[in-house]
Amino acid sequence: MAQNKAGNQTIGCTVTSCRHNDEQSHYCQLNRVEIEPCRGCHTGDPADESLCGSYRAK
């Protein structure tokens with residue numbers, strides 16, 4: 001898995017319960033974000049297959 005940032009990517013985020021969220025700008029403050037599927041489910045539903053694995057509660 002690539003560890004470097006490809007280009008000048010930004011990640012918008014409105015999950016205010018996450019400690020990495022900048023509530024004023026609605027951006028994720030991390031340099032790298034892991035996207036993971038829901039544990040134990042392989043439904044093909046985007047809501048199940050594209051969860052933020054970098055989420056940490058405030």
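Where is the place of Thr16 relative to strand S1? I looked it up: Thr16 sits in the segment before strand S1, which covers 21–22.

**Ground rules.** I noted that this is a predicted model, in which local features need pLDDT of at least 70 and side-chain atom pairs count only at pLDDT 80 or more, while totals for chains, interfaces and linings use all residues. Residues are numbered from 1 along each chain as its sequence is written, and side-chain values use heavy atoms, with hydrogens and water left out.

**Overall.** I found one helix and four strands in the protein. From the N terminus on, their order is β-β-β-α-β. Helices (H or I, at least four residues) and strands (E, at least two) are DSSP runs, numbered from the N terminus. The accessible surface is about 4,700 Å² by the Shrake-Rupley method with a 1.4 Å probe; carbon and sulfur atoms hold 50% of that surface. Of the 58 residues, 16% are buried. Buried means under 20% relative accessible area, exposed over 50%, and partly exposed in between (1.4 Å probe, protein chains only).

**Thr16.** I read a relative accessible area of 44% for Thr16, so Thr16 is partly exposed. Leaving out residues up to four places away in sequence, Thr16 touches Asn21, Glu23 and Lys58. A contact means heavy atoms within 4.5 Å. I also checked His26: Thr16 and His26 are 10 residues apart in sequence and 8.5 Å apart in space, C-alpha to C-alpha.

**Cysteines.** How many disulfides are there? I counted zero, taking a disulfide as a pair of cysteine sulfur atoms within 2.5 Å. For Cys13, the closest cysteine sulfur is in Cys18, 5.9 Å away, which is too far for a bond. Cys18 is likewise in no disulfide. Cys13 counts as buried because its relative accessibility is 17%. Cys18 counts as buried too, at 7%.

**Second largest pocket.** I looked at which residues line this pocket. There are 13, and Cys13, Val15, Cys18, Cys52 and Tyr55 lie nearest its centre. On a 1 Å grid over the protein atoms alone, a pocket is an open set of points where a 1.4 Å probe fits, with protein on both sides within 12 Å along at least five of seven lines; lining residues have an atom within 4 Å of a point. The volume is about 170 Å³, meaning the space filled by probe spheres set on the points.
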